[in-house]
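Here's a quick briefing to read alongside the model. Take a look at the chain first, then go through the notes below.

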Amino acid sequence: MRVGMLTSGGDCQALNATMRGVAKSLYKMYDDVEIVGFEDGYKGLIYADYHMLKSSDFSGILTKGGTILGTSRQPFKLMRVPDEFGLDKVEAMKHTYKKLRLECLVVLGGNGSQKTANLLREEGLNIVSLPKTIDNDLWGTDMTFGFHSAVEIATNAIDCIHTTAASHGRVFIVEVMGHKVGWLTLYAGLAGGADIILLPEIPYDVDVVVNAIKERTRQGKRFSILAVAEGAISKEDAALSKKELKEKKKNQVIYPSVAYEIGAMITERTGQEVRVTVPGHTQRGGEPCPYDRVLSTRLGARAAQLIQKQKYGYMVSVKGDEITEVPLQEVAGRLKTVDPECTIIKEAKLVGISFGDQ
Ligand code: F6P
């Protein structure tokens with residue numbers, strides 16, 4: 001029995017831990033299982049870059065960050081577009097799968113990767129997928145592996161800023177990953193005690209943000225800390241179409257990222273000194289936290305069970321405390337965003353955190 005495996009899209013901390021969970025369970029279930037590792041995600045499947053993995057390859061990797069297989073971004077929207085040499089990528093992936101006589105393909109990936117996994121399912125391949133991303137934005141699962149490890153790193157960044165902010169009496173902005181979805185910023189912001197949290201799902205009003213800072217100053221607080229998602233957006237910009245926004249940005253000062261833009265706006269309106277910290281890709285780096293190690297091991301074991309039952313076309317997922325699975329066609333193309341009316345936002349507002357909306 002031969003099983004293919006690949007890790008796709010941006011990496012995260014518990015990819016190796018998850019592959020280990022799948023592999024260890026499969027080795028226990030079957031005497032004759034062979035695992036084929038595709039290099040750099042779907043690229044390896046397209047161009048038949050792979051190597052046979054041994055049981056020893058999965059030893060000692062529970063705590064190791066990154067991915068032993070390598071990864072790359074292969075945009076879903078380009079999957080049906082031939083490569084520079086005219087190669088049909090979907091046909092090439094099917095060809096590799098069939099040539100290797102795979103029983104199934106195990107895909108560890110985020111949103112785009114799940115869409116491609118679903119496309120391969122539609123093309124007749126046996127697929128089992130696992131929910132990977134620090135953004136926790138996959139529909140159909142309460143939790144993705146990588147999220148809690150990234151929360152720890154982003155929280156640690158805010159914690160470190162707290163001590164220096166208190167000494168200097170400045171405004172500090174920590175920019176947290178998440179272009180479309182703000183779970184990571186919300187959790188890290190709450191855990192780090194940020195005063196203002198700006199998320200892509202809750203467009204901010206500049207005046208409200210400025211007033212929240214001024215109010216803290218009035219109360220004698222020496223500093224303010226903002227946790228800002230990469231995709232935070234103002235109310236004015238959120239009301240524009242993509243085209244209008246592009247046009248508007250053309251005539252504006254170009255900032256390295258949204259945190260710098262918000263920082264400049266705060267200085268202009270309050271006269272206060274602002275410093276920006278961008279932890280960036282450190283949020284995806286290092287060891288998985290204990291929560292993710294447990295989650296990955298459980299998800300991996302469930303994926304192996306699905307293979308044993310030949311139950312294909314599913315993404316393994318978390319519902320409450322249980323590990324279950326959801327059909328890939330339900331997951332593909334759907335995002336799990338932060339509902340501005342959800343209880344966690346309401347509770348955060350009760351303790352006085354501003355989301356820049358009111
Ligand atoms: O999908 C995870 C994520 O970390 C996002 O939060 C982030 O915006 C993006 O990937 C950055 O990815 P990269 O720079 O690796 O393309």
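Predicted model: local features only at pLDDT ≥ 70, side-chain atom pairs only at ≥ 80, totals over all residues.

Across the interface of domain 1 and domain 2, the rule turns up 1 salt bridge. The rest of the notes go from the contact between the domains to one residue in it, and then out to the whole chain.

**Polar and charged links**
- Arg284 makes a salt bridge with Asp11, and the closest N and O atoms sit 3.0 Å apart.
- Between domain 1 and domain 2, the count of residue pairs in polar contact comes to 3, with both residues at pLDDT 80 or more.
- On the side of domain 1 that touches domain 2, you'll find 3 nonpolar, 4 polar and 4 charged residues.

**How the domains are laid out**
- Domain 1 comes in two pieces of sequence, 2-146 and 288-331, while domain 2 covers 150-284, going by the domain assignment of the chain.
- As for who takes part, domain 1 puts 11 residues into the contact and domain 2 puts in 10.
- Taken over C-alpha atoms, the centres of domain 1 and domain 2 are 34 Å apart.

**What gets buried**
- Together, domain 1 and domain 2 bury about 840 Å² between them, and 51% of that is on carbon and sulfur atoms.
- Which three residues supply more than any others of the area that domain 1 buries against domain 2? They are Gln13, Ile134 and Asp135, with 51% of that area.

**A closer look at Asp135**
- You'll find Asp135 in the loop that runs between β5 (127-131) and α5 (147-168).
- Leaving out residues up to four places away in sequence, Asp135 touches Phe147, Met177, Gly178, Val181 and Trp183.
- Thr185 is 50 residues from Asp135 in sequence, yet the two are 9.1 Å apart in space, C-alpha to C-alpha.

**The chain as a whole**
- There are 13 helices and 11 strands in the chain.
- The chain's radius of gyration is 22 Å, close to the 21 Å that the globule rule gives for 358 residues, so the chain is as compact as a globular protein of that length.
- If you're setting up a box, the C-alpha atoms fill one of roughly 70 × 40 × 30 Å along the principal axes.

How values were computed
Residues numbered from 1 in each chain as written. Heavy atoms only, no water. Domains from an automatic or database assignment. Contact = heavy atoms within 4.5 Å. Buried area = accessible area lost by both parts, 1.4 Å probe. Salt bridge = Lys/Arg side-chain N within 4 Å of Asp/Glu carboxyl O. Polar contact = N/O pair within 3.5 Å; in protein donor to acceptor, adjacent residues only side chain to side chain. Nonpolar A, V, L, I, M, F, W, Y, C, P; charged D, E, K, R; others polar. Helix = DSSP H or I, 4+ residues; strand = E, 2+ residues; numbered from the N terminus. Rg over C-alpha atoms; globule rule 2.2 N^0.38 Å.
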